[in-house]
Amino acid sequence: MTESNITGKQEFGYKQELNRALSFGDLLIYGLIFMVPIAPFGIYGQIAIGSHGMVALAYAIGMIGMLFTALSYSKMSSAIPIAGSVYSYAQRGINDNVGFIAGWLILLDYIFIPALLYLVSAVALADIVPQIPVLVWLIIFIGFNTVINIRGIAFTAKTNKIILILEFIVLTIFLFAGITAIVEHVNGATFTIKPLYNSSQFSLPTVMGAVSIAVLSFLGFDAISTLSEESKGGRKAVGRATIFSLIIVGVLFIIQTWVAALVFPNYNAFKNPDTAFYQVAGIAGGNWLKVMTIVATAVSWGIADALVAQTAISRILYSMARDRKLPHILAKVHPKYKTPYISTLLVAIVSLVVTTIFSSQIGKLASVVNFGALTSFLILHLAVMNFYLRKKKSKQYFRYLVMPLIGFLIIGFVWWNLDSLAKTLGFSWLAIGIIYLIFLKIFGKDTKISDDLS
C-alpha cells in the first residue's frame, strides 16, 4: 500500500478493509470491460438509422462529450480517493444530503445494470439455443459472476483480462473481414468518409439525437472510481484509468462502426434494427462471423460487463452502508477474500428478481438505468465546481468552472432527450429516496459525514 493511500484513508476517517491489489493496468482493463469494446454490436442499427448513417460521427461526438465528465471524475477521485464514486464526491464536494441523493440515483443505474446485461445476453443465447430456457441462462450468468466477485478483486481482474482478450480477438476478426469486404466491394462497399460526415444527410438535431443513444455505450467508465480503495497506484491512478479507458474504447467504437457502415451503406434496409450489426457481419464474413458476433455480444454483456457492474454496485452499497445510509450489514467484508460479500449476494438476488419482472420489457429496464446515470453525472459536475471554487478557494476557473460546466451542459442535453418513461420512473425513484432520507433524519439512523476537507 502506498503512503498516499494510507494517508487518504486516515484523512477521511475510514480504516482499510478492502484488498489493495489493483494496478493501473487492472483499472484500465476494468473500465474497458465495463464499457465493452464491442458494445456497438448490440445497438448499431438504432444509431445508424437515427444518425442517417453517420454512426462514426455520433460516437465521436459522444466520446468528446463524455470526456468532460471523465475529467470531472478524475479531479474528484484524486481529491477524494475513497470508495463510493459519485456518492462520496457529492457528499464531500457539496454536502451530506446531496451525497445521499447522488448515491441513491447511481444505485438506480448500477443495481439495474447487471440485470439488464444478464437479460439481454440470456435472450440472445436462447434465440440461438432455444432448448435452454432464458431462466437457465440467467441462473448460470448470475451464479458464475457472483462466485467470481466474492472470490476477490484480484481474481475478478484476472477474469477480466481473459474476457477482454477474447473481445479484442473477435473485434479484430470482424475488422479484418469488414475491410476485406470493402476492398473487394462486397455489397457495393467502398471507402468513404460518409459514416463520419455526409453533407447531404447532416443536420445537427438529427446527429445529436443519435448521440443521445450512442453516448449510453460509454456508461461504465465512471465505475472505475468505485475501486479507489482497492487501487495500489496512488490517488491519480483512478483518474488516469478513467480518461484513458474512455478514449481507447471511443476510438474502437468509431473504427468498428465506420467499417460496418461502409459494408452496409443502406441503413434503411436492415431486416431488424436490433440485429443490424449481425446482418452486417454475415455479409462481411458469412454466417460463421454472424454467429460469432452474437455469441461474443452475449458473453461480453452477460459475463464480462455484468461481472464488473456487480463489482461496482457492491462497492457503492458497501460505502453507503459504512456511513449508515443503508443497512450496516451491507458493509460486511469477507474475512478471507476481503470483498463486500453481503452486498454482492444482494445484487445477485436483485438481478434475478428484476430479470424475472422485466423479462419481456428490456426497453423499460434500459430507460431506468439511463436516468440514474445521467442525473448523477449532473450532480458530479456541480460537486467539482463547489468543491474546488467555494471550498478550496481555487482561482483556476477554466479547469474547475468552464470544463465541468461544459460537461454539465452536454449531459443535460442528453438527459433532456431521454424518453418520458425514463423520467417518470426516474423521478419516482428519486421521490422514494427523498422520503427515505427524511426517515433517516427523523429517526437518526444515518451518520453525519463532515463535508469540510479544507
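I began with helix α7, which has 18 residues and reaches 26 Å from its first C-alpha to its last, close to the 26 Å expected at 1.5 Å a residue. I note here that the model is predicted.

I then looked up burial along α7 and found that its buried residues are Trp137, Leu138, Phe141, Ile142, Asn145, Thr146, Ile148, Asn149 and Ile150.

Next I turned to the packing of α7 (residues 134-151) with α12 (residues 287-322), where the angle is about 40 degrees and the axes lie 9 Å apart. I recorded the crossing of α7 with α12 as right-handed.

For the contact itself, I listed Phe141, Phe144, Asn145, Thr146, Ile148 and Asn149 on the α7 side, meeting Ala298, Gly302, Ile303, Ala306, Leu307, Gln310 and Thr311 of α12. Sorted by class, this contact of α7 with α12 holds seven nonpolar and six polar residues, with no charged ones.

Last, I checked helix α11 (residues 276-285), which packs with α12 at an angle of about 145 degrees, their axes being 6 Å apart. From α11 I wrote down Tyr278, Ala281, Gly282, Ala284 and Gly285, which meet Asn287, Trp288, Leu289, Lys290, Thr293, Ile294 and Thr297 in α12. The residues of this contact of α11 with α12 came out as six nonpolar, five polar and one charged.

Definitions and conventions: Residues are numbered from 1 along each chain as its sequence is written. This is a predicted model: local features need pLDDT of at least 70, side-chain atom pairs count only at pLDDT 80 or more; totals for chains, interfaces and linings use all residues. Side-chain values use heavy atoms; hydrogens and water are left out. Axes are lines fitted to C-alpha atoms, for helices over the stretch in contact, and angles run from 0 to 180 degrees between N-to-C directions. Helices (H or I, at least four residues) and strands (E, at least two) are DSSP runs, numbered from the N terminus. A crossing is left-handed if the near helix is turned anticlockwise from the far one by less than a right angle, and right-handed if clockwise. Contact means heavy atoms within 4.5 Å. Ala, Val, Leu, Ile, Met, Phe, Trp, Tyr, Cys and Pro count as nonpolar, Asp, Glu, Lys and Arg as charged, and the others, Gly among them, as polar. The expected span of a helix is 1.5 Å times one less than its number of residues. Buried means under 20% relative accessible area, exposed over 50%, partly exposed in between (1.4 Å probe, protein chains only).
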